[in-house]
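Dear colleague,

Please find below the sequence and the structure that I am handing over to you. My notes on what was found follow directly after them.

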Amino acid sequence: MIVLGSTSEVAQAFVEKALQEGEKFEKIYLFTSNKETTERFATHIDVKFLQQSEVIELDLTKEIDYNRFDYVTSNVLFCAVGYLGEGTQEGLYDNRNTERIIDINYSKLVPLMNYFAHKFESRRSGTIIGLSSVAGDRGRQSNFIYGSAKAAFTAYLSGLRNYLFDKKVHVLTVKPGFMATKMTEGLPLNPKLTASPKQAAACIYKAFKKQRNVAYVLPVWSIIMMIIRNIPEFIFKKLKL
Ligand SMILES: NC(=O)c1ccc[n+]([C@@H]2O[C@H](COP(=O)([O-])OP(=O)(O)OC[C@H]3O[C@@H](n4cnc5c(N)ncnc54)[C@H](OP(=O)(O)O)[C@@H]3O)[C@@H](O)[C@H]2O)c1
């Protein structure tokens, strides 16, 4: 398995869930911008599941030398890369913040996804799982730079799924609502609408096994977003969301 964004607790919970369920991976490639923390996770799964894993440095804000990844191949790719950034007024007018959000969530991520998608296409098998967000379903004032990058990522995954369909590669788009992770630490999240990393991983694993195209974490978010998407614009623009 190839994991992008390996310090994500959701990514780690998914890896554990898959191994607990008896999935077999020749090797797990853990891509990360935080090598030290990921090394600890790698040791944990190597010991607990007798799994072979390798930690590979990846910082999407830096130039990427794709030659370094030539030997990396797998049947499952799990992309948990994401960056919330600052959704405040200061954040909005801070171009560095805006560029970082767009780069990490979309513009630097997509070439990397394409690089691996090409390998999957050549093998004519496998599943690519991309974590997007409900924030991409409709732009809201509190986080629309992040939301717009996620909307673009959702559209990318949709197109990739369509393109790879007759090449026998499946693409799963995951749209989490709230998840209690380091990304949302300190935010006032409604517990009834918030998934733990374990819950999210179980939900994603189920969607992976059922070869779903799009899956919400938790399912209640598909109803919430259906309502949000259908609020007429003349009302929506007045809301403080
Ligand atoms: N938490 C939520 O409520 C929520 C809601 C909707 C969608 N999502 C999405 O779900 C996914 C997982 O998020 P999470 O909640 O687990 O948050 P998270 O812990 O912040 O995970 C995001 C991961 O992105 C990777 N990343 C960040 N900057 C990077 C960079 N410059 N280069 C390479 N990788 C970078 C990091 O992995 P490394 O440290 O290993 O590099 C980080 O662990 C993300 O796509 C997020 O946008 C989360």
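Helices (H or I, at least four residues) and strands (E, at least two) are DSSP runs, numbered from the N terminus. A residue is buried if 20 or more other C-beta atoms lie within 10 Å of its own, exposed if 12 or fewer, and partly exposed in between, with C-beta atoms placed from the backbone.

Please note that this is a predicted model, in which local features need pLDDT of at least 70 and side-chain atom pairs count only at pLDDT 80 or more, while totals for chains, interfaces and linings use all residues. Residues are numbered from 1 along each chain as its sequence is written.

Helix H4

The buried residues of H4 are Ile101, Ile104, Asn105 and Tyr106. They lie on the same side of H4, because they cover an arc of only 165° around the axis; the arc is that of the directions from the helix axis to the C-beta atoms. These buried residues pack against helix H5 (109–123) and helix H6 (144–164). Contact here requires that the C-beta atoms of two residues, placed from the backbone, lie within 7 Å.

Helix H4 covers residues 95–107, and the C-alpha atoms at the ends of its 13 residues are only 15 Å apart, short of the 18 Å that a straight helix would reach at 1.5 Å a residue. The expected span is 1.5 Å times one less than the number of residues.

Helix H6

H6 has 21 residues and reaches 29 Å from its first C-alpha to its last, close to the 30 Å expected. Its buried residues include Ile145, Tyr146, Phe153, Leu157 and Leu160. Among the elements that cover the buried residues of H6 are helix H3 (89–92), H4, H5, S5 and S6.

Ala155 is also found in H6. Is Ala155 buried or partly exposed? Ala155 counts as partly exposed, because 14 other C-beta atoms lie within 10 Å. From Ala155 to Leu239 the separation is 84 residues in sequence and 25 Å in space, C-alpha to C-alpha.

The chain as a whole

The protein chain has 9 helices and 9 strands. Its radius of gyration is 18 Å, which agrees with the value near 18 Å that a compact globule of 241 residues would have. This radius is taken over C-alpha atoms, and the globule rule is 2.2 Å times the number of residues to the power 0.38. Along the principal axes, the C-alpha atoms fill a box of roughly 55 × 35 × 35 Å. Of the 241 residues, 37% count as buried. Among contacts between residues at least 6 apart in sequence, 69% join residues at least 24 apart.

The sheet

An open sheet of 7 strands has the order S3-S2-S1-S4-S5-S6-S9, with parallel pairing. Its edge strands are S3 (53–57) and S9 (214–217), each of which pairs on one side only. Neighbouring strands of this sheet are turned by 15° against each other on average, direction ignored. Two strands pair if DSSP finds at least two bridges between them. Axes are lines fitted to C-alpha atoms, for helices over the stretch in contact, and angles run from 0 to 180 degrees between N-to-C directions.

Strand S4 (residues 76–79) pairs with strand S1 (residues 2–4) in the parallel sense over 3 bridges, and Ile2 has Leu77 as its bridge partner in S4. S4 is also joined by 4 bridges to strand S5 (residues 127–131), again in parallel, where Thr127 is the bridge partner of Val76. Val76 and Phe78 point one way from S4, Leu77 and Cys79 point the other way, and all are buried.

Strand S6 (residues 170–176) runs parallel to S9, and 4 bridges join them. Pro176 has Val217 as its bridge partner in S9. Lys175 lies in S6 and counts as buried, because it has 22 C-beta neighbours inside 10 Å. Leaving aside neighbours within four places in sequence, Lys175 is in contact with Ser132, Ser133, Val134, Val214, Tyr216 and Trp221.

Helix H2 (residues 35–49) lies across S2 and S3, running at about 170° to S3. Helix H7 (residues 197–209) lies across S5, S6 and S9, running at about 165° to S9.

With kind regards
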